[in-house]
Amino acid sequence: GGPPIHGSPLSEEFQGGGSRVQDFGRTRFDSPPEFAGWPYGVRLGRLGATVTEGRVFPPIAPFPSSPTRLYFPETRHSLQGGFLEVWNAQGGLAQFGYPLTEQFSELNSTDGKTYTVQYFERNRFEWHPEHTGTPSEVLLGLLGHTVTAERATEAPFQPAPAVGSTGPSAAQGGSLWFSESGHNLAPEFA
């Protein structure tokens, strides 16, 4: 997925909830000890579920899914249009999880603008009409920034010196340092 999907690291790796964790602009990587040695020993954090906790999103009536509109009985929500296209193209259920809402308008705390959004277990999709017809028409929400905003003074969130290389091949066997955030990508999350 890289930075377009996950964003740059916002922290160094740290222990959280019994797992090795690293926060990114759009997601969280989590490596619980019980997954050690498994090919998929890293999972994506449920940031969409975290930021929508306590909010109520009424379910919709079931309908037969089609290639242009999907219904998910697991959450009783649907997915369609440009959001469905991006969801399918960028990893679908494994990457983003189930939809937790329908599309709705929401004020974005990052830039103060209102966007059509839809929350998923692991992210938020945002429709950016100013980018219509470009790959940036649907962007992923900066949920990592949202959930870590109050943690800037904690040690893992302080800028860190480069541990590994700053080149594009550094993620192969070492840390990759991101100058824009001042953090290293932990080798196990590369």
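## The largest cavity

The largest cavity is lined by Ile5, His6, Arg26, Thr27, Leu44, Gln95, Phe96, Arg122 and Asn123. A cavity here is a set of points, on a 1 Å grid over the protein atoms alone, where a 1.4 Å probe fits but cannot get out, and lining residues have an atom within 4 Å of a point. The largest cavity holds about 40 Å³ of space, and the structure has one cavity of 30 Å³ or more. Volume means the space filled by probe spheres set on the grid points, which are joined across faces, edges and corners. Two helices, α1 (2-6) and α4 (92-96), each give at least two residues to the lining of the largest cavity.

## Basis of the description

This is a predicted model, in which local features need pLDDT of at least 70 and side-chain atom pairs count only at pLDDT 80 or more, while totals for chains, interfaces and linings use all residues. Residues are numbered from 1 along each chain as its sequence is written, and side-chain values use heavy atoms, with hydrogens and water left out.

Helices (H or I, at least four residues) and strands (E, at least two) are DSSP runs, numbered from the N terminus. Two strands pair if DSSP finds at least two bridges between them.

## The four-stranded sheet

Strands β7, β8, β9 and β10 form an open antiparallel sheet in the order β7-β8-β9-β10. β7 (104-107) and β10 (138-140) are the edge strands, each with a single partner, so one side of each has no neighbour in the sheet. From one strand to the next the twist averages 45°; axes are lines fitted to C-alpha atoms, for helices over the stretch in contact, and angles run from 0 to 180 degrees between N-to-C directions.

Four bridges link β8 (residues 114-119) to β9 (residues 124-127) in the antiparallel sense. Gln118 stands opposite Phe125 in β9. Helix α3 (residues 81-89) packs on the sheet and touches β8, β9 and β10, with its direction at about 130° to that of β9. Contact means heavy atoms within 4.5 Å.

Strand β1 (residues 14-16) is joined to β2 by three antiparallel bridges, and Gly16 has Ser19 in β2 as its bridge partner. These two strands form a hairpin with two residues between them, and Gly17 in the turn has a positive phi of about 60°.

β2 also pairs antiparallel with β3 (residues 28-31) through four bridges, where Arg20 is partnered by Ser31 in β3. Four residues lie between the strands of the β2 and β3 hairpin. Four of the five residues of β2 (residues 19-23) are buried, so this strand is largely enclosed by the rest of the structure. Buried means under 20% relative accessible area, exposed over 50%, and partly exposed in between (1.4 Å probe, protein chains only).

## Nonpolar cores

The largest nonpolar core has eleven residues, among them Ile5, Phe72, Trp87, Phe96, Phe120 and Phe125. Such a core is a set of buried Ala, Val, Leu, Ile, Met, Phe, Trp, Tyr and Cys residues joined through side-chain atoms within 4.5 Å. α3 and β10 are the elements that give two or more residues to this core, and α3 supplies the largest share, three residues. A second, separate core of eight residues includes Phe29, Leu185, Ala186 and Phe189.

## His77

His77 is part of strand β6 (residues 77-80). Its relative accessibility is 2%, so His77 counts as buried. Leaving aside neighbours within four places in sequence, the contacts of His77 include Phe57, Ile60, Phe72, Pro99 and Glu102.

Notes: 1 Å grid on protein atoms, 1.4 Å probe; cavity = no way out; pocket = protein on both sides within 12 Å on 5 of 7 lines; lining within 4 Å.
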